[in-house]
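Please take a look at the sequence and the structure below. A short tour of selected parts follows.

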Amino acid sequence: MTAWAGLNPEAARADAVAARWRLGAEAERETARRLRVLRLHGWRIRHDLRLTGRRFNLDHVLVSPCGTAVVVADTKRWPVGRTVTAGGGRLWCGGEDRTTEAEKAARYAALVAAAVGVQVWPLLIVHGSRVQGRHLEVDTVSGRVQVVAVDQAVRVLRAAPAGWSWVGARQTAGRVDGVLRPYR
């Protein structure tokens, strides 16, 4: 009650953080729901994982139908009414520099690639803010990151590696399962 009335700034900050976490969790669930259709096209999908021995969280990990690539997707819930743009190696949400988010995604993908032994594609899936062109790329120090609006994620992923190999996908998924664990 005191936070709502403005009498307790610490409680108000804690409430704001809790609200951001709740919105982020809702966005992750919505992304998972939308990605589910990819299973019909041979994708193998995992959610909420961590690399053995590391503390960071991987929201979504997808193995391509051909088994030659893995996608590490991070869901972002950014403010409604802002536009996400990229240029000069920077990622922007409105006037806020979000390059560190892209950089983290690229670093996490590189770590997963080293552990799994296949190409890993970092992807940011944005809820709330409008992504300029609905799909863009940003080149960070650690590599190129794809950024898509949530309603474009399935379309972009379906356009990814062509081909189909049950054996290849099963083997790659097995390697993913061997090094990535549920985040708890």
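## Burial and a glutamate in a helix

A residue is called buried when its relative accessible area is under 20%, exposed when it is over 50%, and partly exposed in between. The model described here is predicted.

Start with Glu103. This residue is found in helix H2, which covers residues 99-116. Is Glu103 buried or exposed? Its relative accessibility is 15%, so Glu103 counts as buried. The cut-off for that label is 20%. Beyond residues up to four places away in sequence, Glu103 touches Thr140, Val141 and Ser142.

## An open sheet of four strands

Now turn to a sheet. Four strands form an open sheet, in the order S6-S5-S4-S8. The pairing in this sheet is mixed. Its edge strands are S6 (96-97) and S8 (130-131), and each of them pairs on one side only. Strands of a sheet pair through backbone hydrogen bonds, in a parallel or an antiparallel way.

How do S4 and S8 run, and how many bridges join them? Strand S4 spans residues 83-87, and its pairing with S8 is parallel, with two bridges. Thr83 has Arg130 of S8 as its bridge partner.

Within it, Thr85 has Trp92 of S5 as its bridge partner. S4 and S5 form a hairpin with two residues between the strands. In that hairpin, Gly88 takes a positive phi near 60°.

Next comes Val145, which lies in strand S10 (residues 143-149). Its relative accessibility is 0%, so Val145 counts as buried. Which residues does Val145 contact, leaving aside neighbours within four places in sequence? They are Ala102, Ala105, Ala106, Pro122, Leu124, Leu136, Glu137, Val138 and Thr140. Take Ala102 from that list. Val145 and Ala102 are 43 residues apart along the chain, and their C-alpha atoms are separated by 6.3 Å.

Leu136 is a contact of Val145. Leu136 sits in strand S9, residues 135-140. At 10% relative accessibility, Leu136 is buried too. Neighbours within four places in sequence aside, Leu136 is in contact with Val84, Thr85, Ala86, Leu91, Val131, Val145, Gln146 and Val147. Leu136 and Leu91 are 45 residues apart in sequence, with 9.7 Å between their C-alpha atoms.

## Salt bridges

Side chains of opposite charge can pair when their charged atoms come close. How many salt bridges does the count give? The total is 13.

Glu96 takes part in a salt bridge with Arg82, with the closest N and O atoms 2.5 Å apart. This pair links distant parts of the chain. Glu96 is in strand S6, while Arg82 is in the loop between S3 (69-77) and S4. The two are 14 residues apart. Glu96 also forms a salt bridge with Arg98, where the closest N and O atoms are 2.6 Å apart. Arg98 is buried, with a relative accessible area of 15%.

Asp97 forms a salt bridge with Arg90. Their closest N and O atoms are 2.5 Å apart. Asp97 has 33% relative accessibility, so it counts as partly exposed. Arg90, at 36%, is partly exposed too. Elsewhere, salt bridges join several residues into a network: Asp74, Lys76, Glu101 and Lys104.

Conventions: Residues are numbered from 1 along each chain as its sequence is written. This is a predicted model: local features need pLDDT of at least 70, side-chain atom pairs count only at pLDDT 80 or more; totals for chains, interfaces and linings use all residues. Side-chain values use heavy atoms; hydrogens and water are left out. Buried means under 20% relative accessible area, exposed over 50%, partly exposed in between (1.4 Å probe, protein chains only). Contact means heavy atoms within 4.5 Å. Two strands pair if DSSP finds at least two bridges between them. A salt bridge is a side-chain nitrogen of Lys or Arg within 4 Å of a carboxyl oxygen of Asp or Glu.
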